[in-house]
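Colleague: Could you please take me through this structure? I would like to begin with the strands and then turn to the aromatic rings.

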Amino acid sequence: MTRPLLEVSHLFKSFGGRDGLFRAGRRARVVNDVGFTIGRGETFGLVGESGSGKSTIGRTILRLLEPDSGEILFDGQDIAGLSRGDLRRLRRRMQIVFQDPFSSLDPRVRVGEVLAEPIRLHGLREGAAIEARVDELLETVGLAPHHKTRWPHEFSGGQRQRIAIARALAVEPDLIVCDEAVSALDVSIQAQVLNLLARLRDDLGVSYLFISHDMSVVRHIADRVGVLYAGRLVETGPVGAVFDRPSHPYTRMLLAATPSLAGRSRAPAQDIAGAPPSPFDAVTGCAFASRCAFASDRCRTEEPPLDTFQAEDHRAACWHVAELPPLGPEAAQGDAAMSPAYRRRIDLLRRAQAGSPA
Amino acid sequence: MQPMTRPGPTDPRDGPVPADDVLSIRGLSVGFAGFTVLDGIDLTVRAGELVCIVGESGSGKSLTALATMGLAPPGARIAADCLRFTGRDLLPLTERERQTLRGNEMAMIFQEPMTSLNPVMTVGEQIMEPLRQHRRMGARQARETALAMLSRVQVPAPEARFDQYPHQLSGGLRQRVMIAMALVCRPRLLIADEPTTALDVTIQAQILRLVDELRHEMGTSILFITHDLAVVSEIADRIAVIYAGRIVEEGTRDDIFDDPQHPYTLALFAALPRPEDKGRDLASIRGQVPGPDAMPGGCRFAPRCPFAIEKCRAERPPLLDMPGRAHRVACWRAPLEESVR
């Protein structure tokens, strides 16, 4: 069996402290003992609310932030002990695409140069071959070679996100961290970018760490998913298993809180109370206990490990996983939850879209 | 969230404006420097109703709200056949007259509370301000009313929060404070511009539930602006779908979700990831929203519409009732199953 591309184990990261920005002695524990793997050509989704630590994990993996402790193996190599030169060589293989395509592109650099610079920097092509590669990258992301003389401000949000993806692809990476990469886009443009990411994975075998707060987007793009709460993984597994048979009360709450097109026909949402704890507060036991309808004394004193529930690759960290109420009869999902007229017209649209030139 | 009962089967958008319409907009157009951004918007909000305007960025949904509030950016040219609030014509009002309405009978909340809360005033002062200004309340009565409002929007430890500043609160708490400020004078109309877009999904669920409870308690009508169709599905009584400055479809929540007609409405639905799309391409809309300087003639969606015919590119489709119903669609090809072979 081949090794996963990325193996993260026992990752801890905190901010602040005596010499930091915050008051002495107050450290924000943002990532607490997180571990997961990403295979080659696989997409691992990280979901969670703000402050759950998902972006910090993404940046720590790229060593844009230094972890407090833990192991990050990229292609079997521990990135923690790397020299600057080795790290630079490794960084070519790991790229990141951010949420905001307006702030992630330098407004004074033409698009062609945005793409040519990393190619030159890493010595991947020389002379005219650089130009040819830039044209190829633009075409890969659905733009045209004549776009390379334009400035970033001449593009829409969706086009800028394509440029940011092309820049990430320029160095032929094995792993791309997508940090809320489609969150700022309108739904029609979001669909275009998600289709592009899926095609790149199929054609080039890229792996993604896909960080998002949007459950339906993660369900669409990811193979496996990890649910983060207050810097801890509370549930992980194949997306189908986690979304259809959520085994942690927090995952259930997240899914119940997510609005659906079927709207009011759904059962009334379960009690969605409270807010996550502050990362400055010391948490004993399960971090979700204060919001959890099933919490017991044990939950408040003893932290459940991520194997109280285990069904093949699907795992959850909850002491009461065996006693949680059974999930209701599986509700109709997607178009099956919608009316016959809705389905008929969406079908007409899809057939017309397929038949007309893009 | 039960549907509101409305008097009679007649459509109040026809004929004279009935007394129970909180907001009636007819033919609202807003332009900047020779470009028409909003082009003939018709919209009615009845008493107790929650009406959603849904559309993508640049569609003009926020501008519709700002023009209604009298807060359109400087340089905007505003024209309308009718812009009435509880029977009063808003267009000829002076800024001073507008101010007696805003924060009192009509209020607005925004996506980012930090841009509308005053960073150097305490939470309590900001909630008391409309009470002192519009209701002429004394300090003690204003404080009591504001504190009651703060606990009604479920801010924990309201006494302690009262004397704090906005930056000391989380995003969810700030949104609650903004709602308290907007509703403390029990306005007839609340305009909510993407109020939950920046919030986490569990906090969003809490805020949506709170807004729904408060509107029934206070009898406040709501004009809710959002890009999120799933949110719309859960909260709306009626929906207007807006594209490139024009309303393309309008109807009840069930009209739009159970019987969507306009190709743009359909395309918005189809672009959302569904569980059954796993491993398949999503249905994206080709091209992009036109800029105000490059609006196509005829139907503005025609260049992106797979059903478009010559007539669509030549002639603007009027917003017409579907036979026998108050569900209106601006499309030459609706209903599609009759025109598409």
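**Strands, helices and rings**

Modeller: Please bear in mind that this is a predicted model. In chain A, strand E10 (residues 232–238) and strand E12 (residues 314–316) run antiparallel and are joined by two bridges.

Colleague: Which residue stands opposite A:Glu235 in E12(A)?

Modeller: The residue opposite A:Glu235 is A:Ala316.

Colleague: And what holds paired strands together in general?

Modeller: Strands of a sheet pair through backbone hydrogen bonds, and the pairing is either parallel or antiparallel.

Colleague: What is the order of the strands in the open sheet of chain A?

Modeller: The sheet has eight strands, in the order E6-E7-E8-E3-E9-E10-E12-E11, and its pairing is mixed. Strand E6 (94–97) and strand E11 (309–311) of chain A each have a single partner strand, so one side of each has no neighbour in the sheet. From one strand to the next, the twist averages 15 degrees.

Colleague: Which strands does helix H1 of chain A touch?

Modeller: Helix H1 (residues 54–61) of chain A packs on the sheet and touches E3, E6, E7, E8 and E9 of chain A. The direction of H1 makes about 150 degrees with that of E8(A). Helix H6 (residues 187–204) of chain A also packs on the sheet, touching E3, E7 and E8 of chain A, and its direction makes about 155 degrees with that of E8(A).

Colleague: Now to the rings. How many aromatic pairs are there over all chains?

Modeller: There are nine aromatic pairs. One of them is formed by A:Phe36 and A:Phe44, which are stacked at 4.7 Å centre to centre, with 5 degrees between the planes.

Colleague: Is A:Phe36 buried or exposed?

Modeller: A:Phe36 counts as buried because its relative accessibility is 6%, under the 20% cut-off. A:Phe44 is buried too, with a relative accessible area of 0%.

Colleague: What about B:Phe257 and B:Phe269?

Modeller: Those two form an edge-to-face pair, 5.3 Å centre to centre with 65 degrees between the planes. B:Phe257 lies in helix H10 (residues 253–258) of chain B and B:Phe269 in helix H11 (residues 263–271) of chain B, so the pair ties together parts that are twelve residues apart in sequence. B:Phe257 is buried at 0% relative accessible area, and B:Phe269 is buried at 1%.

Colleague: Which residues do ring pairs link into a cluster?

Modeller: The cluster consists of A:Tyr229, A:Tyr250 and A:Phe288.

Colleague: One last topic: which ring does the charged end of A:Arg298 sit over?

Modeller: The charged end of A:Arg298 sits over the ring of A:Trp319, 3.6 Å from its centre. In chain B, B:Lys311 lies over the face of B:Trp332, at 3.8 Å from the ring centre.

Note on methods: Residues are numbered from 1 along each chain as its sequence is written. Chains are lettered from A and ligands numbered from 1 in the order in which they are written. This is a predicted model: local features need pLDDT of at least 70, side-chain atom pairs count only at pLDDT 80 or more; totals for chains, interfaces and linings use all residues. Side-chain values use heavy atoms; hydrogens and water are left out. Two strands pair if DSSP finds at least two bridges between them. Helices (H or I, at least four residues) and strands (E, at least two) are DSSP runs, numbered from the N terminus. Axes are lines fitted to C-alpha atoms, for helices over the stretch in contact, and angles run from 0 to 180 degrees between N-to-C directions. Contact means heavy atoms within 4.5 Å. Rings of Phe, Tyr and Trp (its six-membered ring) pair if their centres lie within 6.5 Å; planes under 30 degrees apart count as stacked, over 60 as edge-to-face and the rest as tilted. Buried means under 20% relative accessible area, exposed over 50%, partly exposed in between (1.4 Å probe, protein chains only). A charge sits over a ring if NZ of Lys or CZ of Arg is within 6 Å of the ring centre and within 35 degrees of the ring normal.
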